[in-house]
Amino acid sequence: MQGLAALDGIRVVCFGMGAAAPFATASLADFGAEVIKVEPPGGDWSRTTPGLGTREFNRNKRGIAINLKSSDGLALALKLIARADVVMESFRPGVMDRLGLGYATLQQAHPRLVYCSVSAYGQDGPWKDRPGVDGIIQAVSGIMSVLGSEDEDAEPIKTPFPMADMAAGFLAAQGILLALLARDRHGMGQHVDVSLLEAALVIQKSSMTRYLQSGELPRRTGSRAPYATPNEAYRTSDGHIMLAAYSPARWSAFCRNVLDMPELETDPRFVDRKVRQGNQKALKRIIEEVFSHRTSAEWLELCEANDLICGSINTYDRVIAHEQVSARNAIETVSFPDGETMRTLAAAPKLSATPGKVTSPYPAKIGQHTRQVLTELGLAPAEIDRLRDEGIIGTA
């Protein structure tokens, strides 16, 4: 079984730029899919966007540079697609159609092709032509309305990592795998349509469902859960810890064995979960007064001894050094044949028989594998040189 890859033999041509589409195809590449990343001769715009994660999102891929607006460039793209199982793109709706690479066109020649489009708002609807990036989607989707301090005057905030992009990448990878499975069972390809907006809605399923059932708009709650208490961050003598002790057994253990205040268990303000939730602020004041006398480490040890759900609030350096992260090899250092090393997040999820792995770094140079890939397509060296000299392709 050693050396087997879950997606061995699956070929993907990725025209996607930015984060969501490249993240999706990198996830497929981690598990053995052959992914060719196509970017314009000037490069994917994400190469000049600091902190976006270009290295992570384009690992395990080969990169080529093609001018898709030229007839020769279009011909090269069609040759690549003729060998592919999956096409991924992330332009605004209609752009691929104008280039001659839209799903309707390709599906006629390749009925088994799985074609995935990632866009801000989807392939139809009144907002389909609007531009959108992660921060805007976090606003439009309601995410920013529920994040941050309970202070009514507090500035709206968004997550500093591209939450909507990541969620869309997961959905795109899931959609592609479902479409490949359907192809194997039913013999046809299909169009997978993923929008950042709907991805942002999906990850809000729990709070969105509560609103759909109650009609009550959720309020910003800081670190606390809107459905149960105690379940939030509490200040200690040297920082904060996160604690969840709202089930009856854990609430009792918390009052008796951690706080050493058994009277709280039967206090009319805190006698059950619903009543406690209404008196959350009063309970937090009591807890933090007790917690102020010991360090975070001391409280965590006591809470863990009583089977309470708790954790430290870690900065990234502490996350990287965490014993569980290390034991699970969630972050690994990979060495490549050219001597380069890369510290990276390991492939996920973990599969026992066909695990994913990082085998190559991202194409650091624009058109790094253009010559190699086009040679595999049957182009002679002189033809590749001509295309390069005419600006149709970029080669490193």
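Author: We begin with the whole chain, then turn to one residue, and end with the sheet. This is a predicted model, in which local features need pLDDT of at least 70 and side-chain atom pairs count only at pLDDT 80 or more, while totals for chains, interfaces and linings use all residues. Residues are numbered from 1 along each chain as its sequence is written, and side-chain values use heavy atoms, with hydrogens and water left out.

Reader: How many helices and strands are there in the chain?

Author: Helices (H or I, at least four residues) and strands (E, at least two) are DSSP runs, numbered from the N terminus. Here the chain has 18 helices and twelve strands, and its C-alpha atoms fill a box of roughly 85 × 50 × 40 Å along the principal axes.

Reader: Is Asp85 buried or exposed?

Author: Buried means under 20% relative accessible area and exposed over 50%, with partly exposed in between, using a 1.4 Å probe and protein chains only. Asp85, which sits in the loop between helix 3 (71-82) and strand 4 (86-89), has a relative accessible area of 13% and therefore counts as buried. Of the 396 residues of the chain, 43% are buried.

Reader: What does the side chain of Asp85 reach?

Author: A polar contact is a pair of N or O atoms within 3.5 Å; within protein, one must be able to donate a hydrogen and the other to accept it, and residues adjacent in sequence count only if both atoms are side-chain atoms. The side chain of Asp85 reaches the backbone nitrogen of Arg11 at 2.8 Å, and a polar contact of 3.1 Å links it to the side chain of Arg183. Contact in general means heavy atoms within 4.5 Å, and, leaving aside residues up to four places away in sequence, Asp85 touches several residues, including Gly9, Val114 and Leu180.

Reader: What is the order of the strands in the open sheet?

Author: Strands of a sheet pair through backbone hydrogen bonds, either parallel or antiparallel. Two strands pair if DSSP finds at least two bridges between them. The open sheet of seven strands has the order 6-5-4-1-2-3-12, with mixed pairing. Strand 6 (190-195) and strand 12 (393-394) stand at the edges, each with a single partner strand, so one side of each lacks a neighbour in the sheet.

Reader: In which sense do strand 4 and strand 5 pair?

Author: Strand 4 and strand 5 (residues 114-119) pair in the parallel sense over four bridges, and Val86 has Val114 of strand 5 as its bridge partner.
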